[in-house]
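Colleague: I am new to this structure and would like to go through it by question and answer. Please show it before we start.

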Amino acid sequence: MSRKRTLRWTVCFAALISLAAVFAAAGLVSGTTKLTVPDVIGVFTGSNTDSSARTIVNDIRLPRVVSAALLGGALSVSGFLLQSFFSNPIAGPYVLGISSGAKLTVALAMMLTMQHGIMMSSASMIGAAFAGSLLSMGAILLLSGKVKNMAQLIVAGVMIGYICSALTELTVTFADDANIVNLHNWSMGSFSGISMRDVRVIAVVVGAAVSAAFMLSKPMSAYQLGESYAKNMGVELRAFRLALILLSSILSACVTAFAGPVSFVGIAVPHLVKTAFGTAKPIVIIPASFIGGAVFCLVCDLIARMLFAPVELSISTITAVFGAPVVIAAMLSRRNMKGSV
Amino acid sequence: MGGAAISSKELSVGYGKKVVVSGLGFEVRAGEILTIIGPNGAGKSTILKTIAAQLPAIAGSVSINDTDISLLSSHEAAQTLSVCLTERITAEKMTCADVVSTGRYPYTGLLGILYDSDRKIVREAMELTGISHLADTDIRCISDGQRQTVLLARAVAQEPQVLILDEPTSFLDINNKLRLLELLRELVRSRNIAVVQTLHELDLAQRFSDMILCVRDGRADRKGTPGEIFSGDYISRLYGMTGGTFLPMFGTAEPQKITGEPQVFVIGGGGSGIDTYRSLQRQGIPFAAGVIHENDIEYPTAKALASVLITEKAFEPVSSASVELALEAMNKCGRVICCIKSFGTVNMGNKKLLEAAEKAMKTE
């Protein structure tokens, strides 16, 4: 059986990687200016000297595709970490209000700096978002000590999200006209307008955080049995919990800082991946969620760009359409788990 | 201390500053089972949590192989001590084999990857506990009894020297209770493990423990072998029983007797009257019973339930004095029930009783 399982995992990983490659390629070739695959390859190898094609690929589509993949992966892993922390399959950075907390602080930071005519650096954007994430996370943690019921925790998270969003709206209302457009676009969520320089920062932060999360897969698997068992197996609970919170906050902060709040990916992707792989082992699910999240966001971003081109939809519109039903499915599967493996 | 796998000295347990139980001292050698019993809220689980290093001790110490557990790293502790808890497992998409594999956690490397030697130990633990057929089944899709066995297998795979179980038999049916505890006893013997457990089922505690520790009112009330603990009315006192009588010989309790002037006289003996006693008790009818030998199997039940009981000394024929007493009691009753089908030589006195009753036309 364990051989059968290994086979299943190999097939799933291969499928995910191929899907990621296919949709990344699709993201590079499609758009208002149609390019062919050889065109794009030509840009990379240097044989395509068409300057407009070079600009489109190098400055617009490539950063967009890479950031969609990295941030999608980051969101999914962040969701999986939160699900492990709360042992609740419908926990995620968006429903728990962590994305909205990040959105609020980033909006505030942007407002303040714009008034002084300064553009924020990528790192300071992440910093602001991280602070907001931790703020929401702190509120959730305070509440989680009081509410034992998981559904109540989610409702509390959604409410925190609403509060943060309302405050963000308020901030935007008082912003200068010129700034509003900028802020408004960002607060709707989109993978557009991320520069190659941002992508490098994203790659470093997400790469480090996801690797660190992967290194936590052993204590996470022990933690799945419950706190007491984890403790008995020698997990240092305090440090472990802190690591989970910090990592999930950094990951979702990174997403919010660059793409705004993106809904439901953090719950939907880990659920789909766990179902496809037939396991919840962190050592498998963390990398699988990362690739799965990349695929999910590549697809959603492609749809957001192409569906009513040249009008672009916000990314959350699409992720919600695909993600929310999966979240409902995840909730139901928890209830009637008897009988299915 | 010499030879104790796990021991405690002047141990106080509790939460924060609040002491729940204090002055605990015990030692359990390898291959022995210590069961902690006591009323609800006496702090049994708190004691277990403390000796399993889940809670810090407030005072005193717990030692494993003469080393204080607070001096062991969590890693070392995990390799010597394993737990089976009441905490419900809600993990999703974990097969039973996955759960048992987590027992290898303290022995694996940074990423927790199992080697063939680990897999072999997991397989053996599952074979030993008879759950190999469940290996690929989701942990949420099996019965309570099976789940408890899987958790025991997990604990075994951890290769502990000390195993701590919190009410391992709760929620199990009688057959599964027995199977689990038999399995545990077998493990204790074959692997030379020291066990500390709590049990609510006194009958099982009596039968499956080498030592029993009784906890009550914030202290260890008594410690001893099952024979020492289950004697006299100690258990009734331990639990402050007001709702009935505990029968130490059987490890079970009978409900409170119906007091008052007896309305029915039961001629019983040899266990034949037990059903009738219980039925009368259920209907709330006070009754007298006799003549029962003091070594009769139904003597404890009769004593617990009859408002008037006429007895005879063990192994003696029923004397005429006893018959006189019984007749006197019988004459005050409206009805007589005779549960005995045939009377033996020592029981001729009871035959006389029946004849007297038949003459008065009161028998059923």
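Modeller: A disulfide here is a pair of cysteine sulfur atoms within 2.5 Å. This is a predicted model, in which local features need pLDDT of at least 70 and side-chain atom pairs count only at pLDDT 80 or more, while totals for chains, interfaces and linings use all residues. Residues are numbered from 1 along each chain as its sequence is written, chains are lettered from A and ligands numbered from 1 in the order in which they are written, and side-chain values use heavy atoms, with hydrogens and water left out.

Colleague: How many disulfides are there over all chains?

Modeller: The sulfur of Cys333(B) has its closest cysteine sulfur in Cys339(B), 13 Å away, which is too far for a bond. For Cys339(B) the closest cysteine sulfur is in Cys338(B), at 6.5 Å, again too far for a bond. Over all chains, the count of disulfides is zero.

Colleague: Is Cys339(B) buried or exposed?

Modeller: Buried means under 20% relative accessible area, exposed means over 50%, and partly exposed is in between (1.4 Å probe, protein chains only). The relative accessible area of Cys339(B) is 11%, so Cys339(B) is buried.  Cys333(B), at 4% relative accessibility, also counts as buried.

Colleague: Which residue forms a salt bridge with Asp98(B)?

Modeller: A salt bridge is a side-chain nitrogen of Lys or Arg within 4 Å of a carboxyl oxygen of Asp or Glu, and the search finds 18 of them over all chains. In the bridge of Asp98(B), the closest N and O atoms are 2.7 Å apart. The partner of Asp98(B) is Arg5(A).

Colleague: Why does the pair of Asp98(B) and Arg5(A) join two chains?

Modeller: Helices are DSSP runs (H or I, at least four residues), as are strands (E, at least two), numbered from the N terminus. Asp98(B) is buried at 6% relative accessible area, and Arg5(A) counts as buried at 17%. Arg5(A) and Asp98(B) are also linked with Lys281(A) in a network of salt bridges. The pair joins two chains because Asp98(B) lies in helix α3 of chain B and Arg5(A) in helix α1 of chain A.

Colleague: How many residues apart in sequence are the parts tied together by Arg241(A) and Glu227(A)?

Modeller: Arg241(A) and Glu227(A) form a salt bridge, with the closest N and O atoms 3.0 Å apart. Arg241(A) is in helix α11 (residues 237–259) of chain A and Glu227(A) in helix α10 (residues 227–232) of chain A, so the parts that the pair ties together are 14 residues apart in sequence.

Colleague: Which residues are the closest to the centre of the largest pocket?

Modeller: On a 1 Å grid over the protein atoms alone, a pocket is an open set of points with protein on both sides within 12 Å along at least five of seven lines, a cavity is a set where a 1.4 Å probe fits but cannot get out, and lining residues have an atom within 4 Å of a point. Grid points are joined across faces, edges and corners, and a volume is the space filled by probe spheres set on the points. The largest pocket holds about 1,100 Å³ of space. Of the 36 residues in its lining, the closest to its centre are Arg5(A), Lys281(A), Ser101(B), Leu114(B) and Arg119(B).

Colleague: Which element gives the most to the lining of the largest pocket?

Modeller: The elements that give two or more residues are α1 (2–29), α9 (217–223) and α13 (282–306) of chain A, together with α3 (96–101) and α4 (116–128) of chain B. With six residues, the element that gives the most is α4(B).

Colleague: What is the volume of the largest cavity?

Modeller: There are three cavities of 30 Å³ or more. Among the 15 residues that line the largest cavity, the closest to its centre include Gln83(A) and Glu92(B). The largest share of that lining, three residues, comes from α3(A). The volume of the largest cavity is about 200 Å³.

Colleague: Where does the largest share of the lining of the second largest cavity come from?

Modeller: The second largest cavity has a volume of about 40 Å³. Its lining includes Phe23(A), Arg64(A) and Leu298(A). The largest share, four residues, comes from α13(A).
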